[in-house]
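Me: I have a structure open and a few things to ask. Can we go through them one by one?
Reply: Go ahead.

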Amino acid sequence: MSTFSRPTYPVNIKRGRKVPGASEAGDFLRSNERISQLLPTVQRNLKLQKDCGLILPPIFASCEVMQVTEGQLTLSAPNAALATKLKQQCPKLQAFLQERGWQINAIRIKVQVRRVVEKPVAVKQIAFSGKALQAFGQLEHALEDTPQNADLRAALSRLIERHRSGS
């Protein structure tokens with residue numbers, strides 16, 4: 001009987017290499033002199049973002065903590081409508097954060113419109129040869145004229161018509 005020991009780290013199945021973990025990314029960030037100075041701020045903002053998420057309704061999930069300076073919390077909202085709704089929640093949010101130990105004396109909201117890039121809709125670029133269309137036509141006529149085959153026959157008919165007119 002052979003014994004197989006699993007590695008103690010995740011392995012990329014396709015390449016057989018060790019998958020970098022979160023701790024390795026953290027180690028890299030800590031080892032970089034410039035970035036390591038930002039880590040405490042990033043961690044504080046992440047904790048603050050998490051606490052804000054606990055009290056705010058799900059509609060505010062797209063709002064983000066931008067910075068905290070001298071007791072002023074700055075939040076970003078993706079549009080003016082959401083910023084207005086968020087402003088109404090500020091007293092409740094501030095009281096909640098103060099209960100959790102955050103020294104927040106004021107909350108400011110900035111509208112940060114993000115450019116949304118919509119993916120273009122893929123247009124099918126298939127062209128059937130005359131022989132293929134003829135084979136679909138033969139299939140359509142070879143099917144029995146029964147209620148069970150009616151939808152398939154209609155679909156084949158539409159397919160043939162669409163590609164004949166497109167040629």
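Me: Is His163 buried or exposed?
Reply: His163 is buried, because its relative accessible area is 14% and the cut-off for buried is under 20%. Keep in mind that this is a predicted model.

Me: Where does His163 sit, and what does it touch?
Reply: His163 is in helix 6, which covers residues 147-166. Leaving aside residues up to four places away in sequence, His163 touches Ile126, Phe128 and Leu133.

Me: How many aromatic pairs are there?
Reply: A search of the whole structure gives one aromatic pair. The partners are Phe128 and Phe136, with ring centres 5.3 Å apart and 75° between the planes.

Me: What do you call that arrangement?
Reply: The pair of Phe128 and Phe136 is edge-to-face, because planes over 60 degrees apart get that label. Phe128 is partly exposed at 25% relative accessibility, and Phe136 is partly exposed with a relative accessible area of 25%.

Me: New topic. How many salt bridges are there?
Reply: The count is one salt bridge. The side chains of Asp51 and Arg100 form it, at 3.2 Å from N to O.

Me: What about the strands? How many bridges join strand 1 to strand 2?
Reply: Five bridges join strand 1 (residues 64-69) to strand 2 (residues 72-77), and the two strands run antiparallel. Val68 stands opposite Leu73 of strand 2.

Me: What happens between those strands?
Reply: Strand 1 and strand 2 make a hairpin with two residues between the strands, and Glu70 has a positive phi near 50° there.

Me: Last one. Which residues form a nonpolar patch on the surface?
Reply: Leu38, Val42 and Leu46 form that patch, and together they have about 290 Å² of accessible area.

Terms used
Residues are numbered from 1 along each chain as its sequence is written. This is a predicted model: local features need pLDDT of at least 70, side-chain atom pairs count only at pLDDT 80 or more; totals for chains, interfaces and linings use all residues. Side-chain values use heavy atoms; hydrogens and water are left out. Patches are made of residues with over 30% relative accessible area and no salt bridge: like charges are joined within 9 Å, nonpolar side chains (Val, Leu, Ile, Met, Phe, Trp, Tyr) within 5 Å. Accessible areas come from the Shrake-Rupley method with a 1.4 Å probe; for residues, only the protein chains shown count as cover. A salt bridge is a side-chain nitrogen of Lys or Arg within 4 Å of a carboxyl oxygen of Asp or Glu. Helices (H or I, at least four residues) and strands (E, at least two) are DSSP runs, numbered from the N terminus. Buried means under 20% relative accessible area, exposed over 50%, partly exposed in between (1.4 Å probe, protein chains only). Contact means heavy atoms within 4.5 Å. Two strands pair if DSSP finds at least two bridges between them. Rings of Phe, Tyr and Trp (its six-membered ring) pair if their centres lie within 6.5 Å; planes under 30 degrees apart count as stacked, over 60 as edge-to-face and the rest as tilted.
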